[in-house]
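Welcome! Here is a short briefing to read alongside the model. Please have a look at the chain below before going on.

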Amino acid sequence: AATVSAQCTDPITGAAVECTRPTDAGYDFAEVCETNLDPNAFQVSGLACAAGYTGTPTASPCAGTGGDYVVSGCELITCTRPATVGYDFSAATEVLEANAFSVTGVVC
């Protein structure tokens, strides 16, 4: 994701600080509209969870010292092994996170 900067104001001192777009894994910034990055009038919309993640993403203003604004709400989707009768998982190699899912070695 591209880095975006805008003038923010320290809510305590009133001094200008820089806020930037975070690069946290699990978030899709492709449709983000950063209308206002001032902590006192913060407005960011269009934030989504990245592929393999689920939840309700939110964006919160940067701290009075500047830096990235805060994103939260997206969690990695992790699959669970089925309990289907007739399959032997004893030699299985599994990566159960949805964004890198891979299962090999399952036999009947």
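How many helices and strands make up the secondary structure of the chain? There are zero helices and 11 strands, where helices (H or I, at least four residues) and strands (E, at least two) are DSSP runs numbered from the N terminus. This is a predicted model, in which local features need pLDDT of at least 70, side-chain atom pairs count only at pLDDT 80 or more, and totals for chains, interfaces and linings use all residues. Residues are numbered from 1 along each chain as its sequence is written, and side-chain values use heavy atoms, with hydrogens and water left out.

**Confidence**

- The chain has a mean pLDDT (the predictor's confidence in each residue, from 0 to 100) of 84, and 81% of its residues reach 70 or more.
- Among the elements, strand β6 (residues 48-49) has the highest mean pLDDT, 97, while strand β1 (residues 5-9) has the lowest, 49.
- Over residues 1-6 pLDDT stays under 50; the model has 15 contacts beyond four places in sequence for them, a contact being heavy atoms within 4.5 Å.

**The chain as a whole**

- Of the 108 residues, 26% are buried; buried means under 20% relative accessible area, exposed over 50%, and partly exposed in between (1.4 Å probe, protein chains only).
- Among contacts with a separation of 6 or more, 32% are between residues 24 or more positions apart.
- The chain exposes about 6,500 Å², of which carbon and sulfur atoms supply 53%; accessible areas come from the Shrake-Rupley method with a 1.4 Å probe, and for residues only the protein chains shown count as cover.

**Aromatic pair**

- The count comes to one aromatic pair, with rings of Phe, Tyr and Trp (its six-membered ring) pairing if their centres lie within 6.5 Å; planes under 30 degrees apart count as stacked, over 60 as edge-to-face and the rest as tilted.
- The ring centres of Phe42 and Tyr69 are 5.6 Å apart and their planes stand at 65°, so this pair is edge-to-face.
- Phe42 sits in the loop between β4 (33-36) and β5 (43-45) and Tyr69 in the loop between β8 (67-68) and β9, so the pair ties together parts that are 27 residues apart in sequence.
- Phe42 is buried at a relative accessible area of 19%, and Tyr69 is buried at 2%.

**Leu76**

- Leu76 belongs to strand β9 (residues 70-76) and is partly exposed, with a relative accessible area of 35%.
- Beyond its neighbours within four places in sequence, Leu76 is in contact with Gly52, Tyr53, Glu97 and Asn99.
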